[in-house]
Amino acid sequence: MKRPAVVLLSGGLDSTTVLAIAKHQGFEIHALSFSYGQRHHWELEAARRVAEAIGATSHKTVNLDLRAFGGSALTSEIEVPKGRSVTEMSHGIPITYVPARNTIFLSFALAWAEVLGASDVFIGVNALDYSGYPDCRPEFVRAFEAMANLATKAGVEGYQKLVIHAPLINLTKAEIIRRGIELGVDYSLTSSCYDPAPSGEPCGQCDSCLLRQKGFRENGIEDPLSYRKTED
């Protein structure tokens, strides 16, 4: 029998690649998405399509509203930054950071993993081509894994040792895309934009769009998404 694993799935490029990696490694994959009050709600439709295409055994979407706290351009009316250079992205933590988001998401994944009897959780965090988020760093993943094994009945009783897999953590965006293509990922199903149109068309100017486009360019291939045209 295949070992079950919980995979955090936003519907974006990184988490889709991780879902494909977990499937390729032989896990029975259980995808977990969140409707957390994000302005880019289109990503949940992308997550649904990705989970179906890659063959997740199950896919849950948990409703929680981080707009109650705000503090991010993704969960409030704060404007999403556009047109930043890679140099600008590499300095400081941008306003698109959602306070404690990965900690919250991993906590839910931990709970579901314990119910499933799963010892493996996958997350698509990346410490190279990313926007400076503190909860995308290797030390964060290690710390959460240590905490997780102290926090559950399964961990305390010793019949389950949770491992947090972050297979993209040391890859560039170009390397992530290359790995996904090797695994047959259809990136036209994904959504990376922080500020998409209601129909899902990406803006092409937010940090996430720019990093995505850079990754495809470095592979010498065209991004399969159609970006909306602006007059800017």
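Tutor: A contact means that heavy atoms lie within 4.5 Å. In this predicted model, local features need pLDDT of at least 70, side-chain atom pairs count only at pLDDT 80 or more, and totals for chains, interfaces and linings use all residues. Residues are numbered from 1 along each chain as its sequence is written, and side-chain values use heavy atoms, with hydrogens and water left out. Setting aside neighbours within four places in sequence, glutamine 213 is in contact with Gly204, Asp223 and Tyr227.

Student: Which backbone oxygen does the side chain of glutamine 213 reach?

Tutor: The side chain of glutamine 213 comes to 3.1 Å from the backbone oxygen of glycine 204.

Student: Is threonine 75 buried or exposed?

Tutor: Buried means under 20% relative accessible area, exposed means over 50%, and partly exposed is in between, with a 1.4 Å probe and protein chains only. Threonine 75 counts as buried because its relative accessibility is 3%, whereas glutamine 213, with a relative accessible area of 22%, is partly exposed. Not counting residues up to four places away in sequence, threonine 75 touches Tyr36, Gly37, Leu66, Arg67, Gly70 and Val98.

Student: How many helices and strands does the protein chain have?

Tutor: Helices (H or I, at least four residues) and strands (E, at least two) are DSSP runs, numbered from the N terminus. The protein chain has eight helices and five strands; glutamine 213 lies in helix α8, residues 207-218, while threonine 75 is found in the loop between β3 (58-63) and α3 (86-89).

Definitions and conventions
A polar contact is a pair of N or O atoms within 3.5 Å; within protein, one must be able to donate a hydrogen and the other to accept it, and residues adjacent in sequence count only if both atoms are side-chain atoms.
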